[in-house]
Structures are given as C-alpha cells and as structure tokens.
Amino acid sequence: MYSYDLKCKTDPRWIKAVMSNFDAFLIDHAANERKASTLAMSMVVHYPDKDDIVREMIDLAMEEMAHFREVIKIMLKRGLQQIPDKTNFYIGSFMKAIRKDPKHYLLDRLLMFSIVEKRGAERFGLVGEALTEPKIKDFYQRLAAAEYRHYELFISLAHQYYNRKTVTARLEQLLQVEADIVKQCPFKAAVH
Ligand SMILES: [Fe+2]
Ligand SMILES: [Fe+2]
C-alpha cells in the first residue's frame, strides 16, 4: 500500500473553533460529503475508458452519499437545515494548482483528492477525539477510517496510471501547495 505524510498538522485552534460551533461545522460537513460524491461521479463521466476509475468512483460516490445521508440525519435531529453552498477557499485554491492539460489533469486530480481525503481523515479523527457523546463520537471515528481508505484509494490509482517517479515528484509539489493553503485558512467551524 502506498502512503505518505501531510506536510503540516492541523493547528489545535481549528478543533477549538469546530467545537465552539458544532452546528455550523455539521452544516459545512454535510455539504462537503455531497460535493465529494459529485466529484467522484464527475470522474466516472470524464474517464469512461478507464474501467478501474469508473468502478472505484461509483463505489466512492455511493459511500460519500451515505456519509451525506448520515450527517443530514444528525442535522435534522438537531433542527438544522442546509444553507446555500459558499466558495471554499481550501478547495478553490487547491484547484488553481491543478494542471488542466490532458496529460496532467488526471494525475493532478488523483493526487489532490488523495491529499484532501487524508486531511479529512486527520480532521475527522480530531473531531472524534474531541466529542464525548458516544454515538456521534463513533460516527466521526468511523468516518476518519473511511476517509483514510479514500486517501489510499486515490494514491494507489495515481500509481496505477503513472510511473513512480512522476507520482512522487508531483505529490511532493502538491503536498507543499496544500500545506501553504492550510496555513492561510482562518480557523472556523468548517472542515477546511
Ligand atoms: Fe466522506
Ligand atoms: Fe472521502
């Protein structure tokens, strides 16, 4: 299994911001799961000639949709509703670093998604640690494990379609891009 480390850890001030307004965090989190599902489906449409991508991305889209359903259930129990999507600084900035030409687009997207999933796994793990109510604590711990699997899925797909040297060199660059973005993100009750 391929693995790597993120270039920076999440600042403890982030989890403080999340726990101080957990309802706002849930609303943002739900939107993230829905968008993750949509992105996975966009890969299915974009790469009809790549069987493994089609197979894996349909599974992923369904799993992210199941996460969305679970977060929505928690929200509804708390009387919370979705709000219109806002532009996300983290994803928006990361997308700017993605090379759009056909030779590099797939590699950059696979690596970006892998890094985003790894950050998600880290942060849901922190949320799971911080929560005390057993049911929702367990949910976030399960979620951290799921997003960790997604991180592994994307990095192994990158290695499947590109040689090791190409993957490692670009991964190194995009990890630095992500770390720089994370450092610029304000601490708020949101996944990023
Ligand atoms: Fe998810
Ligand atoms: Fe995920």
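Predicted model: local features only at pLDDT ≥ 70, side-chain atom pairs only at ≥ 80, totals over all residues.

Reader: Which hand does the crossing of α4 and α7 have?

Author: It's a right-handed crossing.

Reader: And which residues of α4 and α7 meet there?

Author: From α4 you get Tyr-90, Ser-93 and Phe-94, and they meet Val-177, Glu-178 and Ile-181 of α7.

Reader: OK, what about α5 and α7, what's the angle there?

Author: About 50°, with the axes 10 Å apart. That makes α5 oblique to α7. The crossing of α5 and α7 is right-handed.

Reader: Which side chains are involved between α5 and α7?

Author: On the α5 side, Leu-107, Asp-108, Leu-111, Met-112 and Ile-115. They meet Thr-166, Arg-170, Leu-171, Leu-174, Leu-175 and Glu-178 in α7.

Reader: Then how do α5 and α6 pack?

Author: Their angle is about 160° and their axes are 7 Å apart. The cut-off for roughly antiparallel is over 145 degrees, so α5 and α6 count as roughly antiparallel to each other. The crossing of α5 and α6 is left-handed.

Reader: Switching to the core. Which residues touch the most other members of the largest nonpolar core?

Author: Leu-110, Leu-111, Met-112, Phe-154 and Ala-158, out of 31 residues in that core. The elements giving two or more residues to this core are α1 (12-20), α2 (22-46), α3 (51-77), α5 (102-130), α6 (134-161) and α7 (164-184).

Reader: Which of them gives the most?

Author: α5, with ten residues.

Reader: What does Met-112 touch, skipping its neighbours within four places in sequence?

Author: Met-112 is in contact with Phe-94, Ile-98 and Leu-174. There's also another core lying apart from the largest one, with five residues, including Ala-30, Ala-31, Phe-68 and Val-71.

Reader: Let's look at α2. How many residues does α2 have, and what is its reach?

Author: α2 has 25 residues and reaches 36 Å from its first C-alpha to its last, close to the 36 Å expected at 1.5 Å a residue.

Reader: Which residues in α2 are buried?

Author: Phe-25, Ile-27, Asp-28, His-29, Ala-30, Ala-31, Asn-32, Glu-33, Ala-36, Ser-37, Ala-40 and Met-43. Among the elements covering the buried residues of α2 are α1 and α3.

Reader: Ser-37 is in that list. How far is Asp-59 from Ser-37 in space?

Author: 9.6 Å, C-alpha to C-alpha, and they are 22 residues apart in sequence. Asp-59 sits in helix α3.

Reader: Is Asp-59 buried or exposed?

Author: Exposed, because Asp-59 has 12 other C-beta atoms within 10 Å.

Reader: One more, Thr-10. Where is Thr-10?

Author: Thr-10 is in the segment before α1. With 18 C-beta neighbours inside 10 Å, Thr-10 counts as partly exposed.

Reader: What is Thr-10 in contact with, again leaving aside neighbours within four places in sequence?

Author: Glu-122, Arg-123 and Leu-126. As for Leu-80, Thr-10 is 70 residues from it in sequence and 27 Å from it in space, C-alpha to C-alpha.

Conventions:
Residues numbered from 1 in each chain as written. Chains lettered and ligands numbered in written order. Core = buried A, V, L, I, M, F, W, Y, C linked by C-beta atoms within 7 Å. Buried ≥ 20, exposed ≤ 12 C-beta atoms within 10 Å, placed from the backbone. Helix = DSSP H or I, 4+ residues; strand = E, 2+ residues; numbered from the N terminus. Contact = placed C-beta atoms within 7 Å. Expected span 1.5 Å × (residues − 1). Axes fitted to C-alpha atoms, helices over the stretch in contact; angles between N-to-C directions. Parallel < 35°, antiparallel > 145°, perpendicular 65-115°, else oblique. Left-handed = near helix turned anticlockwise from the far one by under 90°.
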